[in-house]
Amino acid sequence: MGSLFRTEEMRFCQMFVQTEAAYHCISELGELGLVQFKDLNTNVNSFQRTFVNEIRRCEEMERKLRYTEKEILKEGMKIPDNREDPKAPAPKEMNDLEVEFEKMDTELRQVNTNNEALKQNFLELTELREVLNKTQDYFRMYGSDIQHMMEEETGVPHEEAIIGRQQQAALGFFVGTVLREKVPVFERVMKFITHSTVFMRTEEIERTFKDPITGDDLHKSMFIVFYQGDQLRNKVKKVCEGMRGTIYPVPDSPQERNTMLQGVNTRISDLENVLTQSNEHRQRVLRNAQKELRSWTIKVEKIKAIYHTLNMFKVHQNSLHAECWFPAKAIDDIRRALNTGEKVSNSTIPTVIQPMHTNESPPSYYNCNRFVKGFQNIVDAYGMSTYGEVNPAPYTCITFPFLFAVMFGDAGHGLIMFLFGLFLVIKEKSIGSKRIANEIANTFFGGRYIIMMMGAFSIYTGIIYNDFFSKSVNIFGSQWHPVIKQEEWESDDIQLNPVTSHYNVTAYPIGIDPIWQAAMNKILFLNSLKMKMAIILGVIHMLFGICLQIFNHVHFKNYIDIFIRFIPEFLFLGCLFGYLVATVIYKWLMFDGTKSHCAPALLIHYINMFMFKYTNPDTAIEKCDPDLMYYKGQDGVQYAMFFIAIFSVPVLLIVKPVYVICKNKRKGHDFSDHAALISHEIPPANPLAPIPGTYVNHGAVELGQVNMSYEYENADEIRNGRFVREEAKPPAAIEEGEEHKGEHGGHEEHGTGEVIIHQAIHTIEFCLGCISHTASYLRLWALSLAHAQLSEVLWSMVLRLSLKMAGRYVGSPIIFVIFFIWANLTVAILLLMEGLSAFLHTLRLHWVEFNSKFYMGEGYAFTPFNFKHILNMQSLEDIS
């Protein structure tokens with residue numbers, strides 16, 4: 001089985017690993033990335049599995065690393081990616097990692113706590129300094145008028161009071177800060193609570209403060225509130241506390257305030273030195289962690305992935321039992337990996353690998369290179385291929401860019417696209433190492449080979465269309481040689497007769513003759529050409545898809561389907577639409593310029609084919625009537641084509657259900673509808689073939705040896721394309737089979753009805769699909785014309801205007817500006833928008849029209865245990 005034409009041949013095996021060697025063996029298999037393990041503990045709660053404690057330890061280490069990573073990124077530092085791939089540490093090394101992470105986490109948290117306390121203290125002292133300075137200025141300016149100002153504002157006469165004197169009616173004040181955005185609310189609440197009996201002034205602090213926890217900018221304002229009496233004092237204090245304002249103890253006398261300001265300045269100076277040293281120490285801690293964080297993260301994630309995989313195994317005494325899928329040709333690599341793991345763990349008991357037989361369909365796996373990978377992803381997006389069926393990807397590598405180019409055909413635009421794709425291919429190592437975070441950029445980079453191929457094919461189709469940025473290129477000279485009379489030069493329209501003006505001996509060497517660029521009937525000519533070309537390409541594409549069925553039928557040993565499915569479908573499509581393609585080619589070959597006035601109307605003839613309406617040219621009065629038969633024996637050929645296509649429908653509809661029913665009756669057991677509906681699910685190819693590099697042993701199987709101790713003689717039965725061995729069935733499978741047998745016993749009519757309905761749906765879908773799918777290929781014609789017209793509009797409406805402008809000195813800068821506009825519109829509209837449109841239409845033609853003819857796509861992907869996703873993640877936040 002080919003690795004690209006079909007899926008890799010897969011093996012399903014049991015693996016018995018000793019407990020002390022399990023960790024290192026799975027680690028080596030993870031580095032290899034070719035083994036997919038099956039979860040044998042689906043009924044066991046995640047918290048009750050064997051290695052749940054180890055996973056919790058890994059999650060705790062993840063939490064500490066995530067906190068460290070967050071602090072590093074908060075400081076604006078980047079985590080270096082040296083593309084290193086450290087091995088998964090031994091289980092004993094987990095303790096060392098935990099101790100190291102705990103030490104680092106404790107130190108970092110302690111530093112952050114101290115730093116936050118110092119920043120909070122620094123913030124308070126800085127605010128106090130600003131408050132003291134503004135309070136001094138305020139009292140220096142309004143100290144003697146405060147009493148009078150308060151009486152005027154409140155409107156209530158007060159007794160004479162001197163600030164600072166200890167009297168019963170002494171005037172007191174509060175000074176503090178509040179957030180600037182809260183000042184209006186603060187003033188309204190204060191006025192409402194105190195009934196306007198206090199005197200309050202606010203002033204913005206120009207300096208911007210930093211929040212010690214979040215690091216955000218804080219804009220604050222200073223307030224000073226004068227009150228009289230203990231009751232107002234308590235109200236003012238509660239309002240300040242409710243609005244999250246900070247009240248500072250400011251002395252009454254100017255001398256005390258000056259002394260306090262000097263002390264605050266001294267403390268701020270000392271605190272700045274301490275903060276500098278604290279930040280330097282924090283930076284050293286983060287830089288040390290920055291160097292090792294990537295390596296630590298990979299190690300922890302590998303440990304966690306290994307224990308997650310080990311939790312899928314069943315524990316049996318001193319060994320672990322696993323079931324796994326892997327490519328058959330990878331057995332030697334797996335053997336070496338297991339051998340390495342056993343040596344590292346100093347295990348004396350080798351790992352046992354024993355093949356198993358299962359009715360479960362194997363996963364699909366393709367060993368694709370970088371070129372094919374993009375096209376394989378397009379196919380997989382439609383549906384993962386069923387194990388063993390033909391893979392459309394090798395053909396998609398050619399047909400996808402070609403059909404795209406048919407719709408996009410412009411050599412100039414194709415050249416830009418090709419150069420862009422080529423640039424991405426050449427720089428793929430440097431670009432891939434940067435781990436681009438932008439999703440759109442990643443999409444373009446992932447499809448770099450597709451873009452390059454689409455550009456290359458667009459250059460080819462552009463040459464065929466003779467279209468280069470909407471202009472034709474006359475390289476070889478036109479094959480039209482007009483002989484124009486003198487009186488015809490005065491006419492606005494000059495009509496060239498192909499009989500006299502064109503030599504039919506030779507055509508233009510490559511593509512369309514450049515003279516059509518100036519022709520007024522250019523669109524009519526290209527419409528006819530591209531429409532017929534779209535039908536021809538579409539029918540050939542679908543017929544090729546039907547032909548690929550043969551490989552599936554032969555591989556799955558469904559030889560009868562060649563006669564009851566492939567041949568009827570091929571005849572139906574070939575006789576109806578293949579015949580239409582043949583008539584188009586016949587008309588091109590047989591009717592040249594001298595006979596063009598007698599050329600047949602193919603659409604009328606095709607309709608007459610279904611109406612059995614024919615006109616013999618021998619009895620016709622008008623010999624150049626387009627309805628006349630245009631070749632000898634046309635009526636007989638079309639009768640044969642029509643009836644062959646019609647009789648293919650009942651063969652496709654009836655024969656297969658009848659065959660399946662008779663086959664099951666001959667077997668002497670009741671019919672089960674499972675037999676006909678899932679015949680595409682095929683296990684690995686011949687299981688009797690030994691795995692390369694192994695030998696058969698009927699005893700215990702050592703490392704890399706395969707136990708083939710099953711008795712195959714006269715025991716194998718192929719059912720529905722599956723290998724079923726009664727001896728190899730576990731008791732549960734036998735009981736399940738008996739249960740199904742009893743369930744479906746006596747329901748033959750129900751099973752027969754389902755087969756008939758299934759085949760009827762398939763027949764109707766195919767017959768109607770042939771018509772709709774053929775019409776769907778006309779999008780090749782429509783988008784090709786649309787792209788050509790848009791390109792021509794941009795040329796004539798934008799760039800051509802600048803070329804008409806006269807003047808040596810004025811015209812040059814105008815041409816430069818308009819060319820810049822034209823180039824941007826070309827890239828934005830014709831390359832990006834039109835390119836995306838053509839890409840989506842090509843995608844539809846492959847998914848619906850091509851793949852539906854042979855491709856089931858009902859399998860599931862091979863997802864081996866590997867560490868690639870760990871190496872590709874950019875941060876711990878990517879972990880799901």
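Mentor: Here is a walk through the charged side chains, followed by a few other stops.

This is a predicted model, in which local features need pLDDT of at least 70 and side-chain atom pairs count only at pLDDT 80 or more, while totals for chains, interfaces and linings use all residues. Residues are numbered from 1 along each chain as its sequence is written, and side-chain values use heavy atoms, leaving out hydrogens and water.

The chain has 27 helices and 13 strands, taken as DSSP runs numbered from the N terminus (H or I and at least four residues for helices, E and at least two for strands). Of its 880 residues, 44% count as buried; buried means under 20% relative accessible area, exposed means over 50%, and partly exposed is in between, with a 1.4 Å probe and protein chains only. Contact means heavy atoms within 4.5 Å, and among contacts between residues at least 6 apart in sequence, 82% join residues at least 24 apart. The chain exposes about 46600 Å², with 58% of it supplied by carbon and sulfur atoms; such areas come from the Shrake-Rupley method with a 1.4 Å probe, and for residues only the protein chains shown count as cover.

Now to the charges. A salt bridge here is a side-chain nitrogen of Lys or Arg within 4 Å of a carboxyl oxygen of Asp or Glu, and the count by this rule comes to 28. Start with glutamate 8 and lysine 329, whose side chains meet at 3.0 Å, N to O. Glutamate 8 lies in the segment before β1 (10–18) and lysine 329 in the loop between β10 (319–327) and α8 (331–345), so this pair ties together parts that are 321 residues apart in sequence. Glutamate 8 is buried, at 4% relative accessible area.

In α2 (52–74), glutamate 62 and arginine 66 are four residues apart, about one turn of the helix, and their closest N and O atoms are 3.9 Å apart in a salt bridge. Glutamate 62 counts as buried at 5% relative accessibility, whereas arginine 66 counts as partly exposed at 27%. Helix α19 (residues 559–590) holds arginine 565 and glutamate 569, again four residues apart, and these two form a salt bridge with closest N and O atoms 3.4 Å apart. Glutamate 569 is buried, with a relative accessible area of 1%. There is also a network of salt bridges, which links Glu71, Lys74, Glu75 and Arg282.

Some charges gather without such partners. Patches are made of residues with over 30% relative accessible area and no salt bridge, joining like charges within 9 Å and nonpolar side chains (Val, Leu, Ile, Met, Phe, Trp, Tyr) within 5 Å. Lys and Arg count as positive and Asp and Glu as negative, with His and the chain ends not counted; each charge is placed at NZ of Lys, CZ of Arg, CG of Asp or CD of Glu. Glu84, Glu93, Asp96, Glu100 and Glu292 gather in a negative patch on the surface, to which helix α3 (residues 93–142) gives the most, with three residues. Glutamate 84 is found in the loop between α2 and α3 and counts as partly exposed at 31% relative accessibility.

Now for the other stops. A nonpolar surface patch of about 710 Å² accessible area brings together Leu415, Leu419, Ile463, Phe468, Val473, Ile475, Phe476 and Ile510. Phenylalanine 468 sits in the loop between α14 (448–465) and α15 (486–489) and counts as partly exposed at 36% relative accessibility. Serine 470 is in the loop between α14 and α15 too, but counts as buried at 3% relative accessibility.

Most residues other than glycine have a negative phi. Serine 470 has a positive phi, near 70°, and glutamine 317 has a positive phi near 55°. Glutamine 317 lies in the loop between β9 (314–316) and β10 and counts as exposed at 69% relative accessibility.

Finally, visit asparagine 41, in the loop between β2 (36–38) and α2. Asparagine 41 is buried, with a relative accessible area of 10%, and beyond its neighbours within four places in sequence it is in contact with Arg49, Asn311, Met312, Phe313 and Lys314.
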